[in-house]
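Thanks for coming, everyone. I have one structure to walk through today, and I'll keep it short. Please have a look at it first.

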Amino acid sequence: MAKGNINVSVENIFPLIKKFLYSDHEIFLRELISNATDATLKLKHLTSIGEAKVEYGNPKIEVKIDKENKTLHIIDQGLGMTAEEVEKYINQVAFSGAEEFLEKYKDTAKDSGIIGHFGLGFYSAFMVASEVEIITKSYKDAPAVKWTCDGSPEFTLEETDKTERGTEIILHIAEDSTEFLDEFRIRELLTKYNKFMPVPIKFGTKTEELPLPEGAAEDAKPETVEVDNIINNPNPAWTKAPSELTEEDYTKFYHELYPMQFEEPLFNIHLNVDYPFNLTGILYFPKLGNNLNIEKDKIQLYQNQVFVTDEVKGIVPDFLMLLRGVIDSPDIPLNVSRSYLQADGAVKKISSYITKKVADKMSSLINQNREDYEQKWNDIKIVIEYGMISEEKFFEKSDKFAMYPNTDGKFYLWDELVEKIKTNQTDKDGNTVILYASNTDEQHAYIQTAKEKGYEVLLLDSPIVPHLIQKLESAKEKIQFARVDADHINNLIKKDEPVIAKLNDTEKETLKKEVETAVNDKKFSVQLEDLDSTDTPFMITQPEFIRRMKDMQATGGGGMFGMGNFPEMYNLVVNANSDLATEILKTENAEEKNAKIGYALDLAKLSQNLLKGKELTDFIQRSFQKL
């Protein structure tokens, strides 16, 4: 038996490792199983090229709990190690990494992820173990050896009688880490980190029923057999070629990723690239509607089938954080901080690639089956619109797949929309005005007025529409958006048409003052318009600019208007050509005049859903009294 000291200048390095990395000490199991997987796959490679003259077989990794002895075992059937390799890889290489880690991070080590980055994977065992044993036999013709260390720089290395190839790591679980002797806890960690590892992982056994033989009696009971409980899927869908998968396979895998998701995804995007970086994965579009909640069932990031994180901000473009699925890339560092990831060149390229891939998929879907795409639009629009706002390259491609539905359910692409409305909806200044509604019920009267003039009205009702409109107006020439209730339709699309006025200027001035006096509310700006005599006598509108800034503020943004509450401000449009306007001027009794103006104002408020509480109660009572 050989004894020795690990060549390390820092006295008692293990408590330091434990102290720095304690916040995420559960990752020890991920690290040890990753090492076992590497050892197994390396043996597979060596046998395939004829360098290892052994039978590869069907190796697996086994995880066992021994509660009586307070030990956790991780056993593989991989390469194994000779005494010399233990000396080199365990005592020297890993500890040079440990010293580098301590030197660089002893003052600021808050990111537990740094452990694997410096080759410390194996030593993460000491975060939960008071003593660690390695029993290993190499595939080479060499004696098996046992390495033992109790968390001090001292170790023992001796020959042992292990006969099967591979490595067994035995962790003597420390008193403050007994949670890792709990079967439920270990199963939870294996499912979290190792669910899709490429080598089968055994954790206990399970009972399975054997199929009944042909001709068995009706009351025959099937035989049962005890089999290995393999907790992972070594060949997940994203590791296969798209040609090998059916739609059913993609859906089945979606539910494997998200067992609590009962709705089917709308469609998927299979990612597969090997230059200038390696990346595979599958992204799913869930049914989102107008939901911006991205807190649950997020995209999962893997490195060579090892789960890294589902905090993918900075790797996946912001707008695609609303999607679900898997991204797997060996080029993404396994254990580094998020700030490092966001600055990493490979990660930035990956983000750009995914954006392009999603844009291409949208274009192909609309070309393959436009009707189906239109039916799904309401469930995917939030992702597309968010992408148009936040990613310039995505916006540049969006004319091919972004849809603009009208209030009758007809869908347009951008060029189709402009072509349709250009002639009729271009104002006297040469601007093409796109009218839209956000709620067909609340804005019904305004929509009908616009339709009577032959105008097209879009239905844009997602929460980020104000931001999208700003983007489109700044990117497209001579385009303006206006919500149908932002003003009278004649003012929204101003034409060079003669205006007939029933009242002279003096009468108008008198009418305006009388309405202002009766209304007596600073949030209403009285505005007289010479409209058709059949048009609504009183109409409330909210200026496009103010309403848009309020909407943008509600969903975040709006530049300098992001601070404080935007004031409630409305235009009260009085139709000077209406019979009511003439009636108000004729009425000499002040009380009667104010009552008419007040009642007309209440009707205008009612049409904009602004009549509430006591005002609404009083209005209803007054209306009944009139009856």
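Let me start with the second largest pocket, where helix H14 supplies the largest share of the lining, three residues. Keep in mind that this is a predicted model. The volume of this pocket is about 540 Å³. Its lining has 23 residues. Nearest the centre lie Asn490, Glu497, Pro498, Val499 and Asp530. Two elements give two or more residues to that lining: helix H12, residues 444–452, and helix H14, residues 489–492. What classes of residue make up the lining of the second largest pocket? Ten are charged, seven are nonpolar and six are polar.

Next, the cavities. Rolling a probe the size of a water molecule over the atoms shows where empty space is left. How many cavities of 30 Å³ or more are there? The count is two. I'll take the second largest cavity, with a volume of about 30 Å³. Its lining consists of Trp377, Glu385, Met388, Ala402, Met403, Tyr404, Leu460 and Leu468. Helix H9, residues 370–390, gives the largest share, three residues. By class, seven of the lining residues are nonpolar, one is charged and none is polar.

Now to strand E17, residues 432–437. Is this strand enclosed or exposed? Six of its six residues are buried, so E17 is largely enclosed by the rest of the structure.

Isoleucine 434 sits in E17. Why does isoleucine 434 count as buried? Its relative accessibility is 1%, and the cut-off for buried is under 20%. Which residues does isoleucine 434 touch, beyond those up to four places away in sequence? The list is Trp414, Leu417, Ile421, Gln425, Leu458, Ile479, Gln480, Phe481 and Ala482. Isoleucine 434 and glutamate 456 are 22 residues apart in sequence, yet their C-alpha atoms are 7.9 Å apart in space.

Second residue: arginine 548. Where is it? Arginine 548 belongs to helix H16, residues 544–554. Buried or exposed, this arginine 548? Its relative accessibility is 5%, so arginine 548 counts as buried. Leaving out neighbours within four places in sequence, its contacts are Pro466, Ile469, Gln470, Glu473 and Phe481. Phe481 is also touched by isoleucine 434. Take Pro466 from the list of arginine 548. The two are 82 residues apart in sequence, and 5.7 Å apart from C-alpha to C-alpha.

Moving on to an open sheet. It has five strands, in the order E10-E11-E14-E12-E13, with mixed pairing. Which strands are at the edges? They are strand E10, 267–273, and strand E13, 306–309, and each pairs on one side only. From one strand to the next, the twist averages 20°. Inside the sheet, strand E11, residues 279–285, pairs with strand E14, residues 324–328. That pairing is antiparallel, over five bridges. Glycine 281 has isoleucine 327 in E14 as its bridge partner.

Last stop, strand E5, residues 145–149. E5 is antiparallel to strand E4, residues 129–137, through five bridges. It is antiparallel to strand E6, residues 154–159, also through five bridges. The hairpin of E5 and E6 has four residues between the strands. In that hairpin, glycine 151 takes a positive phi near 95°.

That's my tour. Over to you for questions.

Conventions. Residues are numbered from 1 along each chain as its sequence is written. This is a predicted model: local features need pLDDT of at least 70, side-chain atom pairs count only at pLDDT 80 or more; totals for chains, interfaces and linings use all residues. Side-chain values use heavy atoms; hydrogens and water are left out. Buried means under 20% relative accessible area, exposed over 50%, partly exposed in between (1.4 Å probe, protein chains only). Contact means heavy atoms within 4.5 Å. On a 1 Å grid over the protein atoms alone, a cavity is a set of points where a 1.4 Å probe fits but cannot get out, and a pocket is an open set with protein on both sides within 12 Å along at least five of seven lines; lining residues have an atom within 4 Å of a point. Grid points are joined across faces, edges and corners, and a volume is the space filled by probe spheres set on the points. Ala, Val, Leu, Ile, Met, Phe, Trp, Tyr, Cys and Pro count as nonpolar, Asp, Glu, Lys and Arg as charged, and the others, Gly among them, as polar. Two strands pair if DSSP finds at least two bridges between them. Axes are lines fitted to C-alpha atoms, for helices over the stretch in contact, and angles run from 0 to 180 degrees between N-to-C directions.
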